[in-house]
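Dear colleague,

Please find the structure below, handed over for your reference.

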Amino acid sequence: MVTPSERESDGGAVETESQNGAGGGAVVDSPRAGTIGDVRTPGALTGAHAGPLAERSIEGADDSSGPSPDAGQRGLEGTRDAVVSTRRRGVLRHRHFRNVWFAAFGSSVGGWMEMVGIQWSMAQVTLSPEWAAGGGSSAPVMMGYLAAAHLGPTLVLGMVGGVLADRVNRKKLLVWTQIMLMVVAVVLTVESARGAITPGLLLILSLINGVVAAFNIPAWQVLTPRLVPRDELTAAITLNGVQFNLARVIGPAAGGVILSQFGPTWLYAINSLSFLGVIVAVLSTPDAPALPRSGRRAWREIGEAVRFSLVDKGARCLLLGLFLFCLLATPMMRLLPILVSEVYHAEADAFGMLLAVMGVGAVTGFFVLRSIPRWYPKHHSIPVAIMLGGVFVTLLAAATDLWWAAGAIFLCGVTWLLSFNPSFAALQMLVDDRMRGRVLAFANVLTFGAMPLGAVVAGQIGEFVSGREGDGVGTQVGLGALGVTLAFAGFVMLAWRTPEVDGIKPGQPGYDRQPGLWRGLTGGTHRPNDRGAAANGRVNE
């Protein structure tokens, strides 16, 4: 699957004419942004569109059919009952969101299973004597080509996909791109069953998958906000991240068992079938017709989105934080196998275990996010998460044994969710719906581009220090340098905060840019005077 953001005013969909609705985004944390390339990022953030009027017209909320004629006479009682119901059932009480969430979870599990099969298939061929005798590139290089084939299309076509998502029926775009991704998965299944899997075929399918994903991701990023009320968007995005990370714990473990017993074809088949649930769930959501055309050329619309992203203080700060986190934290995923073999002196199963532990950390981050009081703003909490993320990446770099590494990567998973999910939620609140797809596509381009760049930087630092590419000590130094830099960046963002992240403008209550680490940590200027009000709610209630 992929991630969403959308607009709709018919048939019970989120009805909004506001120009400051919410959109959704995710660093392909979606189950179906295409999985052949084995390019997944934890803490995916999914989102969509919902304006200020959203909570009045969410179809399926509490599975009710709408207010009764005498609703006014029972206003207080109904409101009280609704609040109790909301807190008890959470964001999953919205029928369309619930259906999509469970379908996405199954799809994410299938995607992780496919990842296990793809890695095994590529390794089996490229590590064979016949491949080496034929002059083929080494297995690590071929895995790099696989990642490039999947990421390249998004870097090149990401903005085009965003423009298209703003010009066509987003629901139809999402459904058709999901169908095309399923076709690619089916081809992979059939070719595997025929015993015809080759590195070249995997690269071609990965490239096709990446091209489709470049258009699927913006369409997916506009789905969630039209399925939930605006004030529950953060909860919905966080819950989407939870399902992805739960799948990361389950998928690889189950995939390993199935692979050893039945071979990779079964993994590809399961993944192919998992698309059906998502397609059916999306088809059941309200329609999302194209927004009114501006009449301008595509390149002007792209320029408008880029200018907004760079000029608006809140959006610029959020995109900078996302870029820095992807640049300086995500390289640990690429460097982890080297740490496992060269530093912890463990086998490949330890690598899978650490990935699962990080997924558990991200799920834990969901509960940590729920414990944050409503009054504590995102322009405080996001820098705290970035700063702590840098600290924990540094701890991982310093780890000398597997258990130390497991503890550090667990904490990395927690901060991963606490930084990505609120960042995309805040960005959705700031973006005008008419250019939401383009702005989120620009965010995707920045984050996708930062991931491999950070790994290259860390590798160059490590090679300079150790003199041997891939050396364990050099890798530790390179990753540690990134972690320290990220921690410092988070410190600066926390001490010199940007209230515009939460839509707070100069002169409005809560606008405080007075430098200070303690002021940033405590958020004292935002704390309600009424302690009862301060304890009244949590982020996801």
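**Findings**

Helix 17 gives three residues to the nonpolar patch, the largest share. Please note that this is a predicted model, in which local features need pLDDT of at least 70 and side-chain atom pairs count only at pLDDT 80 or more, while totals for chains, interfaces and linings use all residues. Residues are numbered from 1 along each chain as its sequence is written, and side-chain values use heavy atoms, with hydrogens and water left out.

The patch lies on the surface and consists of Phe488, Phe491, Trp496, Leu517, Trp518 and Leu521, with about 660 Å² of accessible area together (Shrake-Rupley method, 1.4 Å probe, only the protein chains shown counting as cover for residues). Patch residues have over 30% relative accessible area and no salt bridge; nonpolar side chains (Val, Leu, Ile, Met, Phe, Trp, Tyr) are joined within 5 Å, like charges within 9 Å. Two or more residues come from each of helix 16 (472–495) and helix 17 (517–522). Helices are DSSP runs (H or I, at least four residues), numbered from the N terminus.

Two salt bridges are present in the structure (a side-chain nitrogen of Lys or Arg within 4 Å of a carboxyl oxygen of Asp or Glu). Arg93 and Glu232 form a salt bridge through their side chains, at 2.5 Å from N to O. Arg93 belongs to the loop between helix 1 (75–89) and helix 2 (95–126), and Glu232 to the loop between helix 6 (199–220) and helix 7 (233–262), so the pair ties together parts that are 139 residues apart in sequence.

With kind regards
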